[in-house]
Each structure stands twice: as C-alpha cells, then as structure tokens.
Amino acid sequence: MEEEIDKYFQVVLELTKNAGKLISERMFAQKTVETKSGAIDFVTETDTEVEKILIQGISNYFPDHRFIGEESVSSGGHCELTEVPTWIIDPVDGTMNFVHGFPHCCISIGLFINCEPEIAIIYNPVLTQLFTAVKNKGAFLNGKRIHVSKEKDLSNALIMHESGTSKDPEKLDVVYKNLRMLIPQVHGIRSLGSAALNMAMVALGGADAGFEYGIHIWDIAAGELIIKEAGGVVLDPCGGPIDRLSRRSLYASTEELAKQLSEKLVQFYPLPRD
Ligand code: IPD
C-alpha cells in the first residue's frame, strides 16, 4: 500500500504543478466570471479547466479512482464519499481573490481511502507555496517540514476566519457575533480569502486556529491532513469529530485551544449538507 500511495502522490504532485501554471499565468489577466450559489460565489474558466486537467490526468493513471470536484458538483455531479479511493478537488480555492488578482489562491486536492485522508496538496502557484502531506509522514512547505504553533491559550492566539460567500442575514449575524466576541479576546483575526490557505497557515504555525461555517468538503479536504500531520487538530466547531460533509469546521494547533474556541463560538447549523 505504501508504494501505491507514493505513486499516487508523485503523479498528483506533477499534475498539480502543471495545472498551477494556468492559475499563475492568468492571475493578473482579465477573466470571464460567472456566479453559482449567490452573487459573490464565482467561477471562472480557469476553475473549470484546472478541475478537468486534474480529473483527466488522474483518471489516465488510476481509472478506478473517483472524484468530488467543486465545479463538477456545482454543475450537478455527485458529492459522495465512499470507501473507494476518492480525490476531492477545489481547482481554485480563493476564486474571488483570483478574480481580483489578490494573489492568495490555490489548488487544493486530497485523496481519501476508506473515507480517511491519505494524501493532501495545497498549492499556491502565484506565491510558490506548496504544502504537502502524506498520512503518517509529516507535513511540508516547499519540501521543508512544518509544525503547528502548539499555542494552548485563546488570549495569545491568531485566528483565521472567513465570512464566506453567503449573504444570508442569519448566517451574517453569527459571523458578526463571533467577531465581536473574539476580537477583544485574541491577539488578532486574519482572513486570506481561501479556506485551504487559512488552514495551511495553522499547519505552518503562522496562525493558531480557525473556523468557518458554510465551507464545502473540497475547501477543507487537503487542509485536514496537512494540519493533522503538522501536529494540529481538525474538529466540528461544537468540539466533536469533524463531519466532512456538514459544511462546518474548526481547526487548531492544540486540543486545548480548539476546546476554548469551540466553547465560546456562537454555533450555526442550518446548512444543507454537501
Ligand atoms: C471559498 C473560499 C473562501 C471561503 C468560502 C469558500 P472557493 O472557496 O475558500 O475563503 O470563505 O467558504 O467557498 O469558492 O474560492 O473555491
């Protein structure tokens, strides 16, 4: 199995690096933008092309593998996580950043086998940040081992946060309540506009924790393994185990910090599952 996983990793790494060229070449060019679930939920031709390149490329090598891709699901495809090896792909995480030329966006891709993460890559080709992890082998940034901060105390923490793409007043109310509650209690709040890169910052030890309501499985699939392999935890915002299709996530450098954050958060539930 180890040899197979290594082969999967080498193949997907090359495909991801190549597909990333499309993002970096087009980052500062004019884009054709369409909307999906709401007025600021964007998709560009690059999202669609990158996803196609990855799915076709992986299928050529491993025809039995399955896929959950953001753009395939948005256009009516299945979002089903089974025991079968399944690649979960966000071709451009941070599409709004990509549209604006704000250089924090990435390809996020993770392989799940028996519903557990085995391989993860988060690649920002514009800033050449390549985060990788293979289960039980550690997490890396551009080939160098990374670790979470080990911060345990919320009052010393830098927190990653996104308001998301939904303008639902009930959801926004929870966003504001949590920010109002957290800002006086933590060192600071940061928002990169990419759920995957936010998670990568915690894996790197540059931030200490984060959470979001409304994310999708493809936003967090790679980040989960990269954080865990860097020594951190990924949970449901209530503090229980992560439910990857529930559209909610909380991640932290330590269990103690995750618990403190979870106990203080105003929770938000009414989200249709992936
Ligand atoms: C979005 C980004 C954003 C997060 C949203 C995601 P996309 O992904 O990760 O930071 O707040 O919840 O949907 O649409 O750019 O792939």
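The domain assignment divides the protein chain into domain 1 (2-146) and domain 2 (154-264), the bounds being those of an automatic or database domain assignment. The structure is a predicted model, in which local features need pLDDT of at least 70 and side-chain atom pairs count only at pLDDT 80 or more, while totals for chains, interfaces and linings use all residues. Residues are numbered from 1 along each chain as its sequence is written. Taken over C-alpha atoms, the centres of domain 1 and domain 2 are separated by 20 Å.

Across the boundary between the two domains, 34 residues of domain 1 are in contact with 27 residues of domain 2, two residues being in contact if their C-beta atoms, placed from the backbone, lie within 7 Å. On the side of domain 1 that touches domain 2, at least two residues each are supplied by strand 4 (86-93), helix 4 (95-100), strand 5 (106-113), strand 6 (116-124), strand 7 (129-134) and strand 8 (139-141); here helices (H or I, at least four residues) and strands (E, at least two) are DSSP runs, numbered from the N terminus. Strand 6 provides the largest share of this side, with five residues. By class, the residues of the side of domain 1 that touches domain 2 comprise 21 nonpolar, eight polar and five charged, where Ala, Val, Leu, Ile, Met, Phe, Trp, Tyr, Cys and Pro count as nonpolar, Asp, Glu, Lys and Arg as charged, and the others, Gly among them, as polar.

The largest nonpolar core has 71 residues, and those with the most contacts inside it are I122, M199, A200, V202, A203 and I226. Such a core is a set of buried Ala, Val, Leu, Ile, Met, Phe, Trp, Tyr and Cys residues joined through C-beta atoms within 7 Å; a residue is buried if 20 or more other C-beta atoms lie within 10 Å of its own, exposed if 12 or fewer, and partly exposed in between, with C-beta atoms placed from the backbone. Helix 6 (residues 195-204) gives the most to this core, contributing nine residues, and at least three core residues are drawn from each of domain 1 (2-146) and domain 2 (154-264). When neighbours within four places in sequence are left aside, A203 is in contact with F131, A139, I146, V148, I226, I227, A230 and G232. One of these partners, I146, lies in strand 9 (residues 144-146) and is buried, with 22 other C-beta atoms within 10 Å. With the same exclusion of neighbours within four places in sequence, I146 is in contact with A139, F140, L141, A203, L204, G205 and A230.

The ligand is surrounded by 15 residues, of which the closest are D93, T95, E162, G164 and A195; a residue is placed in this shell if its C-beta atom, placed from the backbone, lies within 6 Å of the molecule. The shell around the ligand consists of two nonpolar, seven polar and six charged residues, and each of domain 1 (2-146) and domain 2 (154-264) supplies at least three of its residues.

In an unreviewed UniProt entry, the annotation "binding site" covers E70, D90, D93 and D219; UniProt positions are given in the numbering used here, feature names are shortened, and annotations may be inferred rather than shown by experiment. Although these positions are spread over 150 residues of sequence, they cluster in space, with a largest C-alpha distance of 9.4 Å. D93 is placed in strand 4 and counts as buried, because 34 other C-beta atoms lie within 10 Å. Not counting residues up to four places away in sequence, D93 touches C105, C106, S108, S194, A195, A196 and D219. D219, in turn, lies in helix 7 (residues 217-229) and is likewise buried, with 26 C-beta neighbours inside 10 Å. Apart from neighbours within four places in sequence, the contacts of D219 are with D90, D93, S108, A195 and A196.

Two loop residues have backbone angles of note. C115, in the loop between strand 5 and strand 6, has a phi near 65°, a positive value in a residue other than glycine, and is exposed, with 11 other C-beta atoms within 10 Å. T128, in the loop between strand 6 and strand 7, has a positive phi of about 45° although it is not a glycine, and T128 is exposed, with 10 other C-beta atoms within 10 Å.
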